[in-house]
Amino acid sequence: MAPRHKPRDVLAHRAAYGLPRDRLADRALDDYRDSAQRFSEQIDGEYYLHLSGRKRAFEIEPIYEHHAELFSRSAVDGLRDSLERASADRASGIRHLLGFAFEGHLGQATKREATELAELESSLEVTVDSSTIPYRGVMVAVANEPDAARRAAIEAARDELLVERLNPIHLESLQRAHELSRELGWASYRDAWARLRAIDLEALAREARAFVDATDAAYAELVDPELERAGVPVLGELRRFDLPRFFRAPELDDLFPARRLVPAFAETLAGMGIDLPAQSNVHLDTESRPTKSARAFCATPRVPEEVRLVISPVGGRDDYEALFHEGGHAEHYAHVDPALAFEHRHLGDNSVTESFAFLFEHLTEDPAWIGARLGVADPEPVVRHARAVKLVMLRRYAAKVAYELELHAVEPDLDAMPSRYAELLGDATRVAWPRASWLADVDPGFYVACYLRAWALETAWRRALRERFGPSWFETESAGRWLRELWSQGQRLDAGELLAETTGEGLHLGVLEAEFTPPPR
Ligand SMILES: [Zn+2]
């Protein structure tokens with residue numbers, strides 16, 4: 001869920017132990033893990049209480065302070081030192097702990113900027129004509145606005161606030177993260193994350209580019225009819241502010257009734273032999289509270305012992321997507337082997353947990369599932385819309401990874417970046433893309449790579465499930481057993497290793513092409 005982080009200077013005090021060198025390092029690592037576990041439990045607990053609306057205050061600062069040593073310079077240096085000396089089988093775990101320490105170190109160094117941004121985002125308002133919209137409500141307002149001129153005006157007003165008020169703070173934060181990456185001994189922020197995630201980001205960007213090229217011919221053919229149905233311009237004439245309107249598709253909401261939301265999820269799990277009400281470690285929070293987050297989320301204070309799935313249903317297809325996505329995370333974490341080390345239960349390659357979230361989310365656009373669980377006679381409109389949305393998203397993410405590689409390179413030309421952003425995103429999506437969000441549209445730590453890999457991994461899981469258990473795999477207990485076996489491994493293996501071990505395949509974005517080429521007729 002939300003950003004985690006911050007810990008203790010245990011690694012710096014190795015010398016005090018008076019034990020042989022590797023035993024010292026082991027003790028220090030054990031202490032670090034224990035601290036990190038306590039920190040995670042407290043921080044995720046606090047996120048849960050605040051975002052679920054059980055607690056108005058959001059007191060993460062004292063937790064970070066209490067665990068400040070987890071994210072100190074000496075903790076980062078100590079873990080790097082351990083990583084250099086680690087045997088091959090232990091290296092990945094230490095690498096994930098180092099990623100946790102590094103992310104927290106940057107978080108500590110930029111917390112003033114993060115606080116300022118959060119305060120501005122929650123207090124600023126966009127004024128259009130005579131009405132005002134809270135800054136964080138802009139996307140919802142654009143999605144619900146049928147008048148294109150008004151959508152344009154809302155976006156323009158939002159972009160003005162971004163450029164004048166928020167971007168200067170985003171930029172400070174970015175430059176600080178870049179500087180710190182170099183101070184800590186990496187060539188760049190990009191180099192740091194490529195190593196910490198052990199992902200060849202350049203190769204991933206090349207595969208993503210190949211996906212865009214391979215789907216060029218089918219793009220307009222699949223997307224334009226859906227855009228026309230949504231009453232927005234076709235590709236080439238489409239503007240970014242039309243996209244939320246297109247994604248929203250209010251006409252499909254009636255097929256996804258609010259009263260069926262939780263039952264459909266519980267029945268889906270039951271079909272796979274998982275008894276949701278009997279899972280003592282999965283806490284489903286459906287109560288309505290005034291300050292509860294409108295968006296579903298999954299909080300994991302203790303994996304697998306305490307997993308919280310929080311929803312506030314308002315009705316419509318979006319609720320289903322959100323609950324199934326977060327429910328995929330929840331079931332993944334809830335089935336992790338408790339004997340695994342902290343770093344393999346809580347940390348690791350998030351492409352893995354995202355793949356299971358996407359797998360469940362995809363059910364809400366799977367014709368077999370829509371028919372079986374919602375009794376919809378003609379699922380085609382949902383399927384066509386979902387396929388078009390996914391293709392736009394995949395091409396957008398392909399452009400995002402290329403852009404973020406430039407933005408986080410050794411010496412990025414920051415003055416040129418707003419136009420590079422608009423150019424790369426605009427070319428891949430064929431949407432007139434504004435420059436203003438060149439900083440706000442960047443996920444920290446190259447998370448973009450996790451999403452791209454997760455989409456590929458999810459496609460591989462789906463194919464394997466269909467081959468082994470048929471198109472209604474979600475109704476077979478053996479598919480549930482197969483998934484539980486995968487889930488039990490937590491994130492001990494990265495996405496490529498887990499797929500290779502399970503099906504013998506390699507992880508490639510090329511697997512995504514089949515859904516879009518050749519164009520279905
Ligand atoms: Zn997710």
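Guide: Glu354 counts as buried because its relative accessibility is 5%, where buried means under 20% relative accessible area, exposed over 50% and partly exposed in between (1.4 Å probe, protein chains only). The model is a predicted one, in which local features need pLDDT of at least 70 and side-chain atom pairs pLDDT 80 or more, while totals for chains, interfaces and linings use all residues. Residues are numbered from 1 along each chain as its sequence is written, and side-chain values use heavy atoms, with hydrogens and water left out.

Glu354 (OE) coordinates the zinc ion together with His325 (NE2) and His329 (NE2), at 2.1 Å. Donors are N, O and S atoms within 2.8 Å of the metal (3.2 Å for Na, K and Ca); water is not among the atoms, so sites may look incomplete. The donor residues follow the spacing H-x3-H-x24-E in sequence. His329 belongs to helix α13 (residues 317–334) and Glu354 to helix α15 (residues 350–363), so that this pair, 25 residues apart, links distant parts of the chain. Helices (H or I, at least four residues) and strands (E, at least two) are DSSP runs numbered from the N terminus. His329 is likewise buried, at a relative accessible area of 8%.

Now to the packing of α19. The axes of α19 (residues 447–469) and α21 (residues 495–503) come within 11 Å and cross at roughly 15°. This makes α19 roughly parallel to α21; angles under 35 degrees count as roughly parallel, over 145 as roughly antiparallel, 65 to 115 as roughly perpendicular and the rest as oblique. Axes are lines fitted to C-alpha atoms, for helices over the stretch in contact, and angles run from 0 to 180 degrees between N-to-C directions.

Among the α19 residues that meet α21 are Trp461, Ala464 and Arg468, where contact means heavy atoms within 4.5 Å. Trp461, Ala464 and Arg468 also meet α20, as do Leu465 and Phe469. The axes of α19 and α20 lie 10 Å apart, at an angle of about 145°.

Thr476 lies in the loop between α19 and α20 (477–487). Leaving aside neighbours within four places in sequence, Thr476 is in contact with Gly271, Met272 and Phe469. The C-alpha atoms of Thr476 and Gly273 are separated by 7.5 Å, although the two residues are 203 residues apart along the chain.
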